[in-house]
Amino acid sequence: KLMASIVSSLIGLVYGLHVLPAYWRADLALFKRWNYVYYIGMVILFTVIGLDGAGPLISSMLGVFLILLGQYFEMLEKKRGKFWLQQGQTNPREVAFSYGNPIHVLGWIILCMGMAIPMM
């Protein structure tokens, strides 16, 4: 549990201190680089959680997959998302209510359940 807490904290620091500032500066190269570090951190997180058994591994793997998938859909569909990073213009096909947010939240719920399984 301690290792999962440490990895989670590092993921939050990477996302908050590097991914988001690169996103708001519209620096695509820096955003991609730190996003890959964030992805690797999420894979390490589900691996550390999965060391407790098959149940936590499967649910944490599914949770991380849904979290990253939800973020991907959100970046495709929001006004200042992937299109804005690549083209420097707002997205002409923005979506008010995307599928990304519910998928993202469902992923966090499943990941939290995966963390809680060994405690039951």
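How do helix 3 and helix 5 run relative to each other, roughly parallel or roughly antiparallel? I started my notes there, keeping in mind that this is a predicted model.

**Entry 1: helix 3 and helix 5**

I looked up the axes of helix 3 and helix 5 (residues 100-116), and they come within 7 Å and cross at roughly 160°. Angles over 145 degrees count as roughly antiparallel, so helix 3 and helix 5 are roughly antiparallel to each other. I also noted the hand of the crossing of helix 3 and helix 5, which is left-handed. Sorting the residues of this contact by class gave me twelve nonpolar, ten polar and two charged.

**Entry 2: helix 2 and helix 3**

Next I checked how helix 2 packs on helix 3 (residues 54-77). The angle is about 160° and the axes are 7 Å apart. That makes helix 2 and helix 3 roughly antiparallel to each other as well. The crossing of helix 2 and helix 3 is right-handed. From helix 2, I listed Phe31, Tyr38, Tyr39, Met42, Phe46, Ile49 and Gly50 in the contact. From helix 3, the list includes Pro56, Leu57, Met61, Val64 and Met75. I then looked at the classes: the contact of helix 2 with helix 3 has 13 nonpolar, three polar and no charged residues.

**Entry 3: Phe31**

Phenylalanine 31 sits in helix 2. Is phenylalanine 31 buried or exposed? I found 11% relative accessibility for phenylalanine 31, and under 20% counts as buried. Leaving out residues up to four places away in sequence, phenylalanine 31 touches Val19, Ala22, Tyr23, Met75 and Leu85.

**Entry 4: aromatic pairs**

I counted aromatic pairs and got six. One of them joins tyrosine 23 and phenylalanine 31, with ring centres 6.0 Å apart and planes at 45°, so I put the pair down as tilted. Tyrosine 23 is buried too, at a relative accessible area of 4%.

Tyrosine 38 and tyrosine 39 make another tilted pair, at 6.1 Å centre to centre and 50° between the planes. I looked up how accessible each partner is. Tyrosine 38 is buried at 4% relative accessibility, whereas tyrosine 39 is partly exposed, with a relative accessible area of 31%. Both of these tyrosines belong to one aromatic cluster, together with Tyr15 and Tyr36.

**Entry 5: Ala26**

Last, I went to the loop between helix 1 (2-24) and helix 2 (28-50), where I found alanine 26. Alanine 26 is partly exposed, at 30% relative accessibility.

Methods: Residues numbered from 1 in each chain as written. Predicted model: local features only at pLDDT ≥ 70, side-chain atom pairs only at ≥ 80, totals over all residues. Heavy atoms only, no water. Phe/Tyr/Trp six-rings, centres within 6.5 Å; stacked < 30°, edge-to-face > 60°. Buried < 20%, exposed > 50% of the residue type's maximum accessible area, 1.4 Å probe, protein only. Helix = DSSP H or I, 4+ residues; strand = E, 2+ residues; numbered from the N terminus. Axes fitted to C-alpha atoms, helices over the stretch in contact; angles between N-to-C directions. Parallel < 35°, antiparallel > 145°, perpendicular 65-115°, else oblique. Left-handed = near helix turned anticlockwise from the far one by under 90°. Contact = heavy atoms within 4.5 Å. Nonpolar A, V, L, I, M, F, W, Y, C, P; charged D, E, K, R; others polar.
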